[in-house]
Structures are given as structure tokens and as C-alpha cells.
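Colleague: I would like to learn how to read a model like this one. Could we go through it feature by feature?

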Amino acid sequence: MASSPSPIRVAIIGGGLTGLTLAYYLQKAGVAYDLFEASGRPGGNLYSPLTPEGYQLEAGPNSLLLSAELEELVTELGLQSHIQEAAPVSQHRYVLRGGRYQALPASPPALISSNFFSLRTKLRLLAELLRRPTQPVPGETVAAFFERHFGAEVVQYAVNAFVAGIYAGDPAELLLSLTFPQLAALETQYGSLLRGLAKGPKTARRRTITLRGGVQALTDALAAKLTNYHPDCRITAIGLLAENTYTLTPQPPQPAALAPYSHLALALPAYAAAPLLRPHFAAAAEALAAVRYPPMTLVYSAYDRAAVAHPLAGFGALNPRVENTYSAGSIWTSSLFPDRVPAGQVLFTSFVGGAQFARQAQEPAATQLAAVHHELSRLYGIEGAPRWQGRYYWPQSLPQFDQYLAAARAAVAPLAARGMVAVANWQAGVSVPDCIKYARRLAGQLAANK
Ligand SMILES: Cc1cc2nc3c(=O)[nH]c(=O)nc-3n(C[C@H](O)[C@H](O)[C@H](O)COP(=O)(O)OP(=O)(O)OC[C@H]3O[C@@H](n4cnc5c(N)ncnc54)[C@H](O)[C@@H]3O)c2cc1C
């Protein structure tokens, strides 16, 4: 890769996916950089442990939507042969309703013909087609927006479960403008979301994939390509030498100070960036410290296939809060990627936590494993004990795209004029493709100043 001296010098704090991607594209463009990662393992949320019993687990992303940018990056890193498509059954998703899993209709016509929603809600869906274009309601939550369009039942059984499953969030808290800006735009243009979705620009259906050996292969490969990646180097303070010149203080035994940098990229969670900003930018630090990251535990449960009555022909199942379950739902890992478990077994990856299930996320491990096994047995008709169980705990999982996050983004925006930019998932969007797209675009902007 080309690397030539440049007048700008970028310090990237945080070696998760966004920090590593930013560093990779800066290096490619010949921009001087250093990337500091607190832990010995690159990748942050991308963590794919293989257990001695032969279960290939994911502690973070379990599947990825293959965007153009992700595919390009994977190809450049020589990982194309690692791409593994999800099994075709993954198109089917299930939602708990009245204690029983029911298939979620995948399209508006399927929704009208299925019995998933009541007649009243189906009539409401038809009436939605007649809505006239309107301007967005400022500060509207995801729940309020969907209730306005489709009524309370759709929020309770579809939106609630989906938002808990993808954002670990509560639709009554998340802001539409931050979480689904594309839907706000459809309302402005078409009024009706259903009409907008039918008439609006068609995007090709993205493939759902993983990488053989786990998604962590992506961040491992990125780190291996970098010339200026510094693992085991936690940054404990930022110093401001002059208007736009920064120094960094790493935790000993690293050298006492690292300097000077013309630009700082904060590629770390908002709660970790806050103490670094506090001495210089107190108001921005307070706004970052207020961003909410609910706890989340992933519980893995393996059974003999013959012990599970349910066919598990799908991606997995979501449990809306109104059903009062212990977990927010489960991915049927062995249905998506059969080679991740020993032959003749099935593996559930259950999500215990998020904004709506936060209490359960913090219970002792033994309580969680027993509660999830009990719940799976009841919902899937499972006989006997699990072959194996395990868990992974995130004390602070995903940033919530709510009013506090809106305030944090507004508070850091003016710092860009001083060479300091935020690039982690709370700025870029939570999905892996969003993080890659944002970091790559930022690298292009920084390279243009070179
Ligand atoms: C449970 C879970 C499931 C998910 N599922 C999916 C999914 O199915 N599909 C999908 O697309 N996305 C999913 N995501 C989201 C996606 O994985 C994340 O949004 C993305 O990986 C975040 O990357 P990041 O680099 O912004 O942050 P992080 O991964 O949080 O990385 C930040 C890094 O900063 C480091 N750091 C912190 N403080 C310091 C310091 N002071 N000095 C130096 N380094 C520091 C940390 O060690 C860490 O490595 C999931 C996330 C989680 C947690």
C-alpha cells in the first residue's frame, strides 16, 4: 500500500470496526496516521470465539447485510472466499403472539392475506394508502410515527420486536429522524409509507452473509494490513498544544506522550470519549456521557436436533415486550449457518437485555442460562437438558438513537473545525455496512486536505 509523508497527521482512538476501516483507507491514500486500541484484540464489537466443543459463536454481529462497500473491502482484504451466504430459509422470520410463534408476513400483500394482524389493523393498513404528504413531526419517536400510520397493534407486535432485535432499543424512546431517516423522507414525498415503498427507488435486496471463521476475520484482516496500529494502548488523556494540535497520553507502560497530531478521530463509544474530552470541551463531554448503552447478554444454547420439536425453518424469532418473555428473541444460528455447530445439533443465540429487557441482562450467569433454557423448552417444544450452554455479557451494548444521542452529535459537530471528528457507531449508524461507509467517506475527506 502507498504511504508518503503528508502535512496532516491523524490520531485514531479506538480499534473497533470504524477505527480500523478509517485507518485502512487513510493508509491507502497516503495520509499519516496512528491507531491506538486499548485491548490486545482488534475489532471491538466484532468478536467470534470458537469453543473447545466446536461451536463457532458470535458475540457481536451474527449476520451482515452485504453492501457494496462491505463487499469491496472484503475483496481488497482477500477474504472473498470467506463469504458465506445465509441459508435460503433465513427469509422467514417469526414473532411471538399469544405464546406461539407465527410467521411475520414479508410483504404488504402477504400481510393483508395472513391472519397475523386483526381485521381492524388490516383496514388501517389499507387506509394508510390514502395519506397525503406531510412534513416530519419534530422530535417524533419511532413508536409515535408507526402508530400514526398503522395503529397500536403494529407497534406492539412488529415495530417493538424489530427495534428490540436490531437496536436493543425501545421504539417509544428512539427518534425516527435518527433511526429511520429514510421513512421520514418517504412520508414527506408520498404521505403513505406503503405507497412510498412501492413507488420509491428500488434498492436491490442485499444478501445476508457471514464470514467463515466468524465476522472477526474482517477486523483481524484490517489490523494485519495496518503499518501504524498500536494494540494494548489505552489513551487516558488528550492534550491541546495549540488551536489544532493534539497530544495523547497512553496508559503506562507505553511512552509518556504521543504527539503531535493535526486531527483526532474518536472511534470509541461515547461514554469512553467523554472523559477524554472533559478537560477541554466540558459541554461536549457531558453530552457524550449522557448517551445510553443498555446492557445485553447473549446466551447460547445447543440441543440435539431430535430433542427440538419446532422445525426452526427461518432466521429466528422475536419476542415483543407485551408477551412478557425473559429474552428479546433468538437467532436460529444452526439454521442460518449449519456448519457452525457439530452435526446433529441445533444452536440458539438468545438476546437477553437491551433497553426493554435491561434487568435480565444483569442477572447472574446461572440464572440467565436456566431461564433461557426454560423459555426455549416451552416455546420450541424441547425435551431434556441442553447439550451445551454459554454466554457473553456486554455491560454497555449499543448506543440508543434517542434525544440524548441527538444532543451528543450536535455537541461534537463544532469540534470538526478544530480537527476533531467522531467516527464510531453512535455517529456512523450501528450496522457494520454503515460503520464502513462512514469511515471510508471520512478518510476521503481527510485525504482531500492532505
Ligand atoms: C450484541 C451486538 C450485536 C450486533 N449485531 C449486529 C448485526 O447483526 N449486524 C450488524 O451489522 N451490526 C451489528 N452490531 C453492531 C456493530 O457490530 C457495531 O455497531 C460496530 O461493530 C461498532 O464498531 P465501532 O468501531 O464503532 O465501536 P466498537 O466496536 O465499540 O469499538 C471501539 C473500540 O474502542 C476501544 N477503546 C475504548 N476506549 C479506548 C481508549 N480510551 N483508548 C483506546 N481504545 C479505546 C475499544 O476497546 C474498542 O475496541 C451488533 C453489536 C452488538 C454489540
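Colleague: Leaving aside its neighbours within four places in sequence, which residues is Leu 266 in contact with?

Modeller: This is a predicted model, and a contact list shows what the fold brings together. Beyond four places in sequence, the contacts of Leu 266 are Ile 13, Ala 273, Met 420, Ala 422, Val 423 and Ala 424.

Colleague: Which residues touch the most other members of the largest nonpolar core?

Modeller: Leu 266 is one of them, together with Leu 22 and Val 423, in a core of 128 residues. Helix H6, residues 152-167, gives the most to this core, with nine residues.

Colleague: How is the chain divided into domains?

Modeller: A domain may be made of several stretches of sequence, as domain 1 is here: 9-55, 215-291 and 400-448. Domain 2 covers 117-199, and domain 3 covers 294-394.

Colleague: How many residues of domain 1 are in contact with domain 2?

Modeller: Seven residues of domain 1 are in contact with seven residues of domain 2. On the domain 1 side, four of these are nonpolar, two are polar and one is charged. The centres of the two domains, taken over C-alpha atoms, are separated by 33 Å.

Colleague: Which strand is E1 joined to, and by how many bridges?

Modeller: Strand E2, residues 32-36, runs parallel to E1, and five bridges join the two.

Colleague: Is Ser 334 buried or exposed?

Modeller: Burial is judged by counting neighbours, and 20 or more C-beta atoms within 10 Å make a residue buried. Ser 334 has 23 C-beta neighbours inside 10 Å, so it counts as buried. Ser 334 lies in helix H13, residues 333-336. Leaving aside neighbours within four places in sequence, its contacts are Arg 340, Val 341, Gln 345, Val 346 and Leu 347.

Colleague: Where does pLDDT stay under 50?

Modeller: Over residues 1-5, for which the model has nine contacts beyond four places in sequence. Where pLDDT is low, the predicted coordinates should not be read in detail. The chain as a whole averages a pLDDT of 94, and 98% of the residues score at least 70.

Methods
Residues numbered from 1 in each chain as written. Predicted model: local features only at pLDDT ≥ 70, side-chain atom pairs only at ≥ 80, totals over all residues. Core = buried A, V, L, I, M, F, W, Y, C linked by C-beta atoms within 7 Å. Buried ≥ 20, exposed ≤ 12 C-beta atoms within 10 Å, placed from the backbone. Helix = DSSP H or I, 4+ residues; strand = E, 2+ residues; numbered from the N terminus. Contact = placed C-beta atoms within 7 Å. Domains from an automatic or database assignment. Nonpolar A, V, L, I, M, F, W, Y, C, P; charged D, E, K, R; others polar. pLDDT = per-residue confidence, 0-100. Pairing = 2+ DSSP bridges.
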